[in-house]
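Here are my notes on the model, point by point. Please read them with the coordinates open.

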Amino acid sequence: MKNKIIQVEERVPLGQGFALSFQHLFAMFGASVLVPILFQIDPGIVLLMNGFGTMLFIFLTKGKAPAYLGSSFAFLAPVTLILNNGGDFASAQGAFVVVGLAMAVTAIIIRYVGTKWIDIVLPPAAMGPIVALIGLGLAATAASSGGLPVAGTALSEIDYRNVIVFAITLVVAIFGSVCFRKFFAVIPILIAIVVGYLSALAFGLVDLTGVQEANLFVLPTFQAPRFEMSAILIILPALLVVVTEHIGHQLVTSKIVGRDLLKEPGLHRSMLGDGLSTAISGAVGAVPTTTYGENIGVMAMTRVYSVWVIGGAALLSILIAFIGPVSAVIQSIPWAVIGGVSFMLYGMIGASGIRLIVEAKVDYSKSRNLALTSVVFVVGLSGAYVPLGEFQLTGVILATIVGIVLGLLFFLLDKLKLTNDREDEPDIPESK
């Protein structure tokens with residue numbers, strides 16, 4: 001017998017609600033705290049703003065759109081690029097604020113003109129490879145941070161304890177995502193981190209000094225943003241990714257709860273909540289937020305869609321942010337463990353780009369789609385760059401700009417009836 005459906009506005013008994021809220025907290029925890037670990041910032045401030053952002057989202061959507069806001073992975077590649085080239089996190093924060101405000105402006109545009117313009121600015125044939133490039137561009141980083149031998153590394157420099165812990169973590173993440181069932185199927189990344197951490201303890205790779213010295217109650221680390229044009233230009237293309245991701249999540253959630261959330265409370269309201277949460281998070285020292293697929297999975301599994309349960313998870317996240325030992329344990333996770341889960345997660349980001357192409361049913365018999373995907377991939381992976389003063393347009397940033405320009409040009413050519421694969425043009429039969 002299936003579980004009873006608990007709808008969006010329904011409350012649940014306190015004891016049951018606590019357990020369900022804790023489940024949502026665990027579902028987002030592994031992936032959400034991984035982002036501050038990779039950026040080497042206080043996970044406490046991220047947990048605090050994830051909880052605050054979720055509460056803000058629930059308020060702006062009038063309690064009619066169940067969603068948990070966790071740390072966004074769409075910003076990993078551009079922020080890592082900034083940090084690897086001598087920049088600091090404060091400059092990335094300024095870009096987060098800009099992206100969040102731009103997302104809020106996008107919500108206003110959607111309120112009045114709808115969403116069809118997104119496919120014109122960046123069609124799926126271009127968006128798919130751009131999303132894939134975000135993950136593929138970080139592949140080498142995941143390998144090197146995990147302690148694997150990479151090009152230019154002497155074997156004498158390799159600590160094989162790191163390699164073993166990396167492998168254990170990766171294997172648990174891979175087979176956990178395939179074999180785990182019920183609740184454990186929702187948190188394979190968290191389980192992989194725990195197993196990897198225990199393995200690292202066994203190999204003497206964990207420094208517990210910070211945990212032993214941590215106060216029980218602490219204040220999260222707040223930090224002011226700094227606005228730099230170079231960082232903003234690197235990170236701004238992620239706006240298109242998070243907008244697309246948000247729309248996709250709202251469509252999936254609509255199917256799960258049996259309501260059209262794009263109409264009521266409205267896509268503009270949910271996107272406004274997402275954007276303002278990102279802007280506020282960047283302003284105080286946290287990372288951008290996004291609606292979390294892990295928590296959508298929890299709703300699908302439990303058939304509990306109550307915003308009261310999700311709001312409870314947000315309050316728990318805020319509470320944990322002030323518990324010192326929790327942040328200290330998170331910060332003590334070795335890079336071998338982080339590299340193990342990142343190796344899979346970055347690949348999953350790349351695969352999600354391919355999934356976007358498949359789900360959009362991109363027709364590669366059409367020349368424009370083939371040209372868009374081909375050029376975006378090659379531009380992003382070629383290492384080509386365009387100098388812009390002290391700043392360089394390269395990688396996924398340059399690929400996004402090229403994709404937008406080509407998408408707009410193809411749209412204009414279509415309107416002028418100058419393309420050779422228009423919908424209204426009959427196919428020419430092949431000669432026998």
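1. Which side chain meets Asp88 in a salt bridge? The partner is Arg226, at 2.6 Å, N to O. A salt bridge here is a side-chain nitrogen of Lys or Arg within 4 Å of a carboxyl oxygen of Asp or Glu. Asp88 lies in the loop between H3 and H4, and Arg226 in the loop between helix H10 (209-213) and helix H11 (229-235), so the pair ties together parts that are 138 residues apart in sequence. Helices (H or I, at least four residues) and strands (E, at least two) are DSSP runs, numbered from the N terminus.

2. Ground rules. This is a predicted model, where local features need pLDDT of at least 70 and side-chain atom pairs count only at pLDDT 80 or more, while totals for chains, interfaces and linings use all residues. Residues are numbered from 1 along each chain as its sequence is written, and side-chain values use heavy atoms, with hydrogens and water left out.

3. Other salt bridges. The count is 6. Arg259 and Glu9 form one of them, at 2.8 Å, N to O. Arg259 sits in the loop between helix H12 (238-257) and helix H13 (262-284), and Glu9 in the segment before H1, so this pair joins parts 250 residues apart in sequence. Arg259 is partly exposed at 28% relative accessibility, and Glu9 is partly exposed at 41%. For accessibility, buried means under 20% relative accessible area, exposed over 50%, and partly exposed in between (1.4 Å probe, protein chains only).

4. A salt-bridge network. Lys62, Lys64 and Glu264 are linked. The closest N and O atoms of Lys64 and Glu264 are 3.0 Å apart. Lys64 lies in the loop between helix H2 (43-60) and S1, and Glu264 in helix H13, so the pair ties together parts 200 residues apart in sequence.

5. Aromatic pairs. There are 3. Rings of Phe, Tyr and Trp (its six-membered ring) pair if their centres lie within 6.5 Å; planes under 30 degrees apart count as stacked, over 60 as edge-to-face and the rest as tilted. The ring centres of Phe39 and Phe89 are 5.9 Å apart with planes at 40 degrees, so that pair is tilted. Phe39 is in helix H1 (residues 14-39) and Phe89 in helix H4 (residues 89-113), 50 residues apart. Phe39 is buried at 5% relative accessibility, and Phe89 is buried at 7%.

6. Phe75 and Phe96 have ring centres 5.7 Å apart and planes at 80 degrees, so they are edge-to-face. Phe75 lies in the loop between strand S1 (69-71) and helix H3 (76-84) and Phe96 in helix H4, so parts 21 residues apart in sequence are tied together. Phe75 is buried at 2%, and Phe96 is buried at 0%. Phe39, Phe75, Phe89 and Phe96 form one aromatic cluster.

7. Nonpolar cores. A core is a set of buried Ala, Val, Leu, Ile, Met, Phe, Trp, Tyr and Cys residues joined through side-chain atoms within 4.5 Å. The largest has 107 residues, and those with the most contacts inside it are Phe39, Phe73, Phe75, Ile235 and Met271. H1 gives this core its largest share, 10 residues. A second, separate core of 5 residues includes Val12, Leu20, Val304 and Val309.

8. Around H3. Leu76, Ala77, Pro78, Val79, Thr80 and Ile82 are buried in this helix. Just after H3, Gly86 takes a positive phi of about 90 degrees.
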